[in-house]
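Thanks for coming. I will walk through one structure, a helix at a time and then a sheet. Please look at it while I talk.

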Amino acid sequence: MAGAGRTIECWLEAERDQLVLWLPVMLGGGIALWFALPDAAAWRSAILGMLAIGLACVATGRGGRAARVVALGMAAAALGLGLIWFRADLVAAPVLGGPTIASLSARVEVIEPLVARKLVRLTLLPVGEGADSAGRAVALPHRIRVNLAERDAPVGLGTGAVVRLRARLMPPPLPAVPGAYDFARVAWFSGIGATGRGFAPVVVTATSGSGAGIRVALSHHIVSRLEGSAGGIAAALATGDVGAITENDSEAMRRAGLAHLLSVSGLHITAAVAATMLIVMRLFALSPWLALHARLPVIAALAGAAAAIGYTLLTGSQVPTIRSCVAALLVLVALAMGREAMTLRLVATGAMCVMLVLPESAAGPSFQLSFAAITAIMAFHEHPAIRTFFGAHDEGRVRKLGRGVSSLLLTGLLVEVALMPIAVFHFHKSGLYGAFANIVAIPLTTFVVMPLEALALLLDVGGMGAPVWWLVQTSLDALLWLAHRVADAPGSVRALPAMPSAAFPLMVIGGIWIALWRTRWRRLGGVPLAIGAIWALTTPPPDILVTGDGRHVAVRTVAGLAMLRDRAGDYTRATLAENGGVDGEPLFLADQPDARCSRDLCVTDIAGGGRTWRVLATRSAYMVPIDQLLAACRTADIVVSERNLPRRCTPRWLRLDRNMLRRTGGVAVTLGSGRVETILSPGDRHPWRDPPRLDAGPRPARRFTPPAYRFQS
């Protein structure tokens, strides 16, 4: 035991410069633990347990480094758990109780043009109560988000204006199926208590002198100068607004591994800071007196810091932008002090700053993708062998160019590998050719598109930007062409179903362990990384997916994943396909030879677990004769319906009707293992799962008249 203790102490002594990097990791681990544990009792026990472990290490460690490391790590994890718990309570606000149609007055907080969808998204702060069609009061949450058709947006609509409109509202929805996007969680931390669609007429009752804001005005200006999605990409580079990019082009960028170019982050902040510093240095150097008496690098660094902060505010202060801004400021401070700037400590400091202010961001893909990429890059280039190979060499231009291209390619491949588990966990897809596409796309964006766009905006002040805008259009068309060619290449994307909840943290722990340590013990990180990867890759896709309202069912047939209803929105089809591990559109169940479907019912047999399962699902809002329904129930193993089924409808294994789905939310069924995964669970007390609710007011009337017959129980 004493020998093991000495070995650990020697190891930690050798890694002493790396130990501080684990503080943000433990802080993030505490935040992740809060999301994983179900209720306040578990959160309280975890905090007390971690503090007890830390105090025990302090009391018994006898001054050893290991005891201090564990104590500080436990304190950071407890802080993270307490911080996210406090944040969740701090933003607590009631949400709408149910769907309703209401007339309301509200102050416009945010305007987001969605040009490609011909919509305008408004974040509104209601003023007083709403009213239904009969004039009865309807309680509204503090903040709501509605979409308006572009043609319905009135003149004078701007940030701070007060508008009067009629809207169909609903509470923030839970994930449709297990593994899908959890908008209810995002809405909780954003203070959004209802979402919906606004209807004309929309009347501005109090105008705002600020208009739509400089961000929206600049986006409109850029989009008006360029055609198609090129305008949307240019707007995204300048303001972070991606609403003008068509879904087809946006999907191509994602599949090609170029979606990071649309999220203002390190690449964009670095380009803006570098360009600002270069211009300031050149201009100030024109004055001999300033060149001799002033510290021009410090002045340029101050100008670069102002550019970074201004760019972050202009683009909406998203998590990747904030992280990049903090990193840029730290780099500028280090340069001004004459210290080495680009280190993993810089990355750790940026992560700490973001998590201390917005701890919930650690659970989102934006934070994870951003910090995983920069951590992988820094850890890779800090390795002595890599520094030696890609460092300065006395060689010709051709060899120097080849070494630079090799560095870019290897870095791109490493980033693709590092981001793959995160992309699969959140989006159930991962691109394979992104490293090669980025060799062209990153220099094209950094050294061609962004400088040309900045020049065009500058020349537009005098009305002379048209020729430069043509060059911007051409370069962005080339970028889109590259994205579509890579996205359409065979095997460009690998689709996987939702991975087990424990596989992802195993891969994250293994990856971080490899990235942060420097001695041979880093190789141990390959064990959890490999276990998590194998677990995720060998997890079979679910055989049945049921949305929380019971309307949409996807069944895995011999031909592939097939949907019960052919009338489903794009979002529903994409969600079911992604979580079913399918790259592309799902099939229709009624078209499959092994399914027997009428207008009201569908029956299909699917294989799983060494046997055949019969699935019965209702596919219309109309009732069916009771005898026919009961006979079908008796022969089925699983019955799914958006309605309440009679008590005598007793399938052999599982019944998912309205009553059951109200308690479970969306459901994923894997027949081989008999696993049934649900969105809701009885012990889950996270606030967005069962939030305080407002009275939604009278429900809108049903739009159909059912036939005369009814279920009889």
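What covers the buried residues of H3? Helix H2 (22-36) and helix H4 (65-90) are included in that cover, where contact means heavy atoms within 4.5 Å.

Before going on, the ground rules. This is a predicted model, in which local features need pLDDT of at least 70 and side-chain atom pairs count only at pLDDT 80 or more, while totals for chains, interfaces and linings use all residues. Residues are numbered from 1 along each chain as its sequence is written, and side-chain values use heavy atoms, with hydrogens and water left out.

Back to H3, residues 40-60. Helices (H or I, at least four residues) and strands (E, at least two) are DSSP runs, numbered from the N terminus. The 21 residues of H3 should span 30 Å at 1.5 Å a residue, and its end C-alpha atoms are 30 Å apart, which agrees. That expected span is 1.5 Å times one less than the number of residues.

Buried in H3 are Ala42, Trp43, Ala46, Ile47, Met50, Gly54 and Cys57. Buried means under 20% relative accessible area, exposed over 50%, and partly exposed in between, with a 1.4 Å probe and protein chains only. Seen down the helix axis, the buried residues of H3 fall within an arc of 140°, so they line one face; the arc is taken from the directions from the axis to the C-beta atoms. On the other side, Leu48, Leu55, Ala59 and Thr60 are exposed. Just after H3, Arg62 has a positive phi of about 55°.

The largest nonpolar core has 43 residues. Such a core is a set of buried Ala, Val, Leu, Ile, Met, Phe, Trp, Tyr and Cys residues joined through side-chain atoms within 4.5 Å. Its largest share, ten residues, comes from H18, which is helix 466-487. One of the residues touching the most other members is Ile233. Leaving out residues up to four places away in sequence, Ile233 touches Ile245, Leu262, Leu476, Leu479 and Leu480.

Last, the sheet. Five strands form an open sheet in the order E15-E16-E17-E18-E19, with mixed pairing; two strands pair if DSSP finds at least two bridges between them. Strands E15 (595-597) and E19 (654-656) stand at the edges with a single partner strand each, so one side of each has no neighbour in the sheet. E17 (residues 611-618) and E18 (residues 638-640) pair in the parallel sense over three bridges, and Ala617 stands opposite Val640 in E18.
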